[in-house]
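Please look through the structure below with an eye to how charged pairs and nonpolar side chains connect parts of the chain.

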Amino acid sequence: MSNAEATASPDPTGTGRTGSATHNPEAARLRALLEPSVLANRLYLEDVEINVAGSHRVVHVVVDLPQEETGGVSLDVIADISKVLSDVLDSDPSMDSRPYDLEVSSPGVGRPLTEPRHWHRAKGRMVKVNVIQGESVTGRIQSVDGGGVTIVPEIAVKKGMKPRQGDPVKLPFDRIRSGKVEIEFSHLNEDGLETGHNGPSEEA
């Protein structure tokens, strides 16, 4: 790496900084440049963002697993893809001469569920769904298809009692205002994640 330092870092906001490439021509160019290498490593390129501080730049890349896979992006995968993308950037003839750091991370639990692939990745998770013209629904994602999400709702009971499950509810995507994964410590343990995180965010 001639002028880049590749690091595996978490996305502390959990948002994946989605949409940054849309408003930044250089970020959009880098996304097009990096995406083939990300796909070749069986990953999905979630976002690319460029932060500038004086003569120094930080290129932040967010990668995720394909929607049909479960679990999170491992630290080893983050480290490997960091090296691959750093080599691509170092070989980019259109990059200017300013030094830069490369940060590669995966989405955290706080990322809003805004795209069908996000819902696919969250299958089996407990989520809170803000419904358009209706009450919010909290429950577990049972299935996801092209039309929407099927949720098995959790029905509140008396304090100290285990919540009971209601009948599955199909929520079309056009009725979903927003969604977010709810933290469950049992899932943290099953996925081998550290307590306090419920998403595939890694830190080297």
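Arg-29 forms a salt bridge (a side-chain nitrogen of Lys or Arg within 4 Å of a carboxyl oxygen of Asp or Glu) with Asp-92, and their closest N and O atoms are 2.7 Å apart. The two partners come from distant parts of the chain, 63 residues apart, with Arg-29 in helix 2 (residues 25–40) and Asp-92 in the loop between helix 3 (75–90) and strand 4 (100–105); helices (H or I, at least four residues) and strands (E, at least two) are DSSP runs, numbered from the N terminus. Arg-29 is partly exposed, at a relative accessible area of 26%, whereas Asp-92, at 9%, is buried. Here buried means under 20% relative accessible area, exposed means over 50%, and partly exposed lies in between, with a 1.4 Å probe and protein chains only.

This is a predicted model, in which local features need pLDDT of at least 70 and side-chain atom pairs count only at pLDDT 80 or more, while totals for chains, interfaces and linings use all residues. Residues are numbered from 1 along each chain as its sequence is written, and side-chain values use heavy atoms, with hydrogens and water left out.

A search of the whole structure finds nine salt bridges. Another of these pairs is Arg-42 with Glu-69, whose closest N and O atoms are 2.8 Å apart. Arg-42 lies in the loop between helix 2 and strand 2 (44–53), and Glu-69 in the loop between strand 3 (56–64) and helix 3, so this pair ties together parts that are 27 residues apart in sequence. Arg-42 is exposed, with a relative accessible area of 55%, and Glu-69 is partly exposed, at 24%.

What does Arg-111 form with Glu-46? The two form a salt bridge, with 3.3 Å between the closest N and O atoms. Because Arg-111 lies in the loop between strand 4 and helix 4 (116–121) while Glu-46 belongs to strand 2, the pair ties together parts that are 65 residues apart in sequence. Both Arg-111 and Glu-46 are buried, and salt bridges with shared partners join Glu-46, Asp-64, Arg-111, Arg-117 and Arg-121 into one network.

The interior can be followed next. In soluble globular proteins, nonpolar side chains tend to be buried together. A nonpolar core is a set of buried Ala, Val, Leu, Ile, Met, Phe, Trp, Tyr and Cys residues joined through side-chain atoms within 4.5 Å. The largest such core has 22 residues, of which Val-59, Val-61, Val-63, Leu-85, Leu-89, Leu-102 and Val-104 touch the most other members. Helix 2, strand 2, strand 3, helix 3 and strand 4 each give two or more residues to this core, and helix 3 supplies the largest share, five residues. Leaving aside residues up to four places away in sequence, Val-61 is in contact (heavy atoms within 4.5 Å) with residues including Leu-34, Leu-45, Val-48, Leu-85, Leu-102 and Val-104. Apart from this core lies another, of 14 residues, among them Val-127, Val-131, Val-137 and Val-144.

For the protein chain as a whole, the secondary structure comes to five helices and ten strands, and buried residues make up 41% of its 204 residues. Among contacts between residues at least 6 apart in sequence, 61% join residues at least 24 apart.
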